[in-house]
Amino acid sequence: QIGVFFFIAIAVLIGICKLPDDIKWRHIYGLSLLCGIGFTMSLFIGTLAFDDPSVTTQVRLSILIASAASAIIGFIVLFLSGKKKSDIS
């Protein structure tokens, strides 16, 4: 999430691109959180990095928990970003 958010921020700051008028930085942060869902490569690298089956199980479980947390938090951030201030209060 850090890489996605900061590369977009750098691109906007140096003028490579600009945010559309209706997109705020909280939307970009929600997007970057959702990018954490892509766990397939993490599972592949975790399998290559560790040979011990007990450690491999812990690695897989940790990756799945982190992906689920990223999806849930990303959804919450984007859901709350779509609400108007009068709807929240």
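Biologist: Which residues in α1 meet which residues in α2?

Modeller: Keep in mind that we're looking at a predicted model. Helix α1 covers residues 2–14 and helix α2 covers residues 25–34. On the α2 side, the partners are W25, I28, Y29, L31 and S32, and on the α1 side they are V4, F5, I8, A9 and V12.

Biologist: At roughly what angle do the axes of α1 and α2 cross?

Modeller: The two axes come within 8 Å of each other. Their crossing angle is roughly 140°.

Biologist: Is T56 buried or exposed?

Modeller: You'll find T56 in helix α4, residues 53–82. Its relative accessibility is 11%, and since the cut-off for buried is under 20%, T56 counts as buried.

Biologist: Which backbone oxygen does the side chain of T56 reach?

Modeller: Leaving out residues up to four places away in sequence, T56 touches F50 and D51. The side chain gets to a backbone oxygen at 3.5 Å, and that oxygen belongs to F50.

Biologist: Where is confidence lowest in the protein chain?

Modeller: Across the protein chain, the mean pLDDT is 85, with 91% of residues at 70 or more. Confidence is highest in α1, with a mean of 92. At the other end of the scale, with a mean of 51, sits helix α5, residues 85–88.

Biologist: What radius of gyration does the protein chain have?

Modeller: A compact globule of 89 residues would come out near 12 Å. The protein chain instead has 17 Å.

Key
Residues numbered from 1 in each chain as written. Predicted model: local features only at pLDDT ≥ 70, side-chain atom pairs only at ≥ 80, totals over all residues. Heavy atoms only, no water. Axes fitted to C-alpha atoms, helices over the stretch in contact; angles between N-to-C directions. Helix = DSSP H or I, 4+ residues; strand = E, 2+ residues; numbered from the N terminus. Contact = heavy atoms within 4.5 Å. Buried < 20%, exposed > 50% of the residue type's maximum accessible area, 1.4 Å probe, protein only. Polar contact = N/O pair within 3.5 Å; in protein donor to acceptor, adjacent residues only side chain to side chain. pLDDT = per-residue confidence, 0-100. Rg over C-alpha atoms; globule rule 2.2 N^0.38 Å.
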